[in-house]
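Here is a quick briefing for anyone meeting this structure now. Have a look at the model, then read on.

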Amino acid sequence: MNEINLPVMLREIFSKIGFIPPVGIARDAWVAPKWRESAAKLCGTSIENYFTFHMISDESSINILKETHRKAREAIKRIQPAAKVGLSMALSDIQSIPGGEELATKKWHSYFRQYLPMLEGDDFFGLQNYTREVYGPEGQVKPAEGAELTQMGYEFYPEALANVIRKVSKDLSIPIMITEHGIATDDDDRRVEFIQRSLEGVQACLDEGFDVRGYLHWTTFDNFEWQSGYSMKFGLIEVDRTTQERKVKESARLLGRIAQMDTFVSK
C-alpha cells in the first residue's frame, strides 16, 4: 500500500488550514453525510459500512489497516514466496526548535513510529519525502521569511531526504527504497539543484552504511496532481497538454547520467 500514513497527515493539515477536499470530507468530523450516503448507495451498502482509505486516522481503523497489510503479505508470499513485499510512507523531516521537542516527538510517532508493527515481516520500506516540518512550543513553525518555497508551498530543503533516511533507520533493520522524491517547480534549474543536493545526502547515507537500495523520482512526466490539476510541475519531462508534445528537461538528463554511474553524486 502507498503512503499508509497519509490519512493522519491529511486530517491534521485540513483541520489546520480549514481546507475541505473536493470529495466533501468535513475536516473536523472527518465525515460528509451526503457524499458518503451517495457513495455508499452506489457501492450497494449503507453509510455505516462505507469507509474510505482517506479516513483511516483513528486507532480502530489503523488497527484494521495493520491487519489488512499482514493478510495481504501472507497471501502474496503464499502465491510467490520469493516476492519482495513492503509498504510506503510519506515522511517529512520532522525538526524542532527550543520548546518544540516534545511536539516534534509526538508528530514523528503519529506519522511513523505508530505504524512500525505493520512492518514486521516486510522485506523493504518505501520512503517518500519532499520537505521538512519544524515545530516550536506553539506548533508548526512557518518557513523563515524569504525562504524558497516550491509550487506546493513546501520549503525548498533537499537535505530532508538524508535526514529522514537516518531517522527511520533507528527503528528499521530492513532495506530502504526511496519510492518518491521530487519538487514542483517551473524552474528546472531548481529541480537540478534539488536532485543534486538530495542525492549527495543519499550517497553520504550509503557511505555511513545505511541500506538504501534505490531511488525513484516523482515524477517522469508533468502529471495531474489531485486538486491542483496540471498546475504543479513535478515532471522530469514537460508535457504540452494541447499537443501532447514531450520535452525532456535537463533534470532528466542529470538523472540519466547518474543512473550510468556507480555513485549517486553527479560528476
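**Salt bridges and surroundings**

There are 17 salt bridges in the structure, a salt bridge being a side-chain nitrogen of Lys or Arg within 4 Å of a carboxyl oxygen of Asp or Glu. What you're looking at is a predicted model, where local features need pLDDT of at least 70, side-chain atom pairs count only at pLDDT 80 or more, and totals for chains, interfaces and linings use all residues. Residues are numbered from 1 along each chain as its sequence is written, and side-chain values use heavy atoms, with hydrogens and water left out. Helices (H or I, at least four residues) and strands (E, at least two) are DSSP runs, numbered from the N terminus.

- Glutamate 67 and arginine 70 join their side chains in a salt bridge, at 2.3 Å from N to O.
- Both sit in helix H3 (residues 59–79), 3 residues apart, so about one helical turn separates them.
- Glutamate 67 is partly exposed at 32% relative accessibility; buried means under 20% relative accessible area, exposed over 50%, and partly exposed in between (1.4 Å probe, protein chains only).
- Arginine 70 is partly exposed too, at 30%.

- Aspartate 123 and lysine 77 meet through their side chains in a salt bridge of 2.6 Å, N to O.
- Because aspartate 123 is in the loop between helix H4 (101–111) and strand S3 (124–129) while lysine 77 is in helix H3, this pair ties together parts 46 residues apart in sequence.
- Aspartate 123 has a relative accessible area of 21%, which makes it partly exposed, and lysine 77 is partly exposed with 24%.
- Arginine 190 has a salt bridge to glutamate 148, with the closest N and O atoms 2.8 Å apart.
- Arginine 190 belongs to helix H6 and glutamate 148 to the loop between strand S5 (139–141) and H5, so this pair links parts that are 42 residues apart in sequence.
- Glutamate 148 is partly exposed, with a relative accessible area of 33%.
- Through shared partners, salt bridges connect Glu148, Glu159, Arg190, Glu193 and Arg197 into one network.

**What's tucked inside**

- Helix H5 (residues 160–169) is largely enclosed by the rest of the structure, because 7 of its 10 residues are buried.
- Those buried residues of H5 are Ala160, Leu161, Ala162, Val164, Ile165, Val168 and Ser169.
- Lysine 249 sits in the loop between strand S9 (246–248) and helix H7 (250–259).
- With a relative accessible area of 11%, lysine 249 is buried.
- Leaving aside residues up to four places away in sequence, lysine 249 touches Asp188, Arg191, Asp222, Gly235, Leu236, Ile237 and Glu238, where contact means heavy atoms within 4.5 Å.

**Out on the surface**

- Asp186, Asp187, Asp189, Glu238, Asp240 and Glu245 form a patch of negative charge on the surface.
- Patches are built from residues with over 30% relative accessible area and no salt bridge, with like charges joined within 9 Å and nonpolar side chains (Val, Leu, Ile, Met, Phe, Trp, Tyr) within 5 Å.
- Aspartate 187 lies in the loop between strand S6 (176–181) and helix H6 (188–207), and is partly exposed at 35% relative accessibility.
- Proline 81 is found in the loop between H3 and strand S1 (86–90), and its relative accessibility of 58% makes proline 81 exposed.
- Proline 81 is 26 residues from methionine 55 in sequence and 32 Å from it in space, C-alpha to C-alpha.

Conventions: Areas by Shrake-Rupley, 256 points an atom, 1.4 Å probe, with all protein chains shown as cover. Lys, Arg positive; Asp, Glu negative; His and termini not counted. Charge placed at Lys NZ, Arg CZ, Asp CG, Glu CD.
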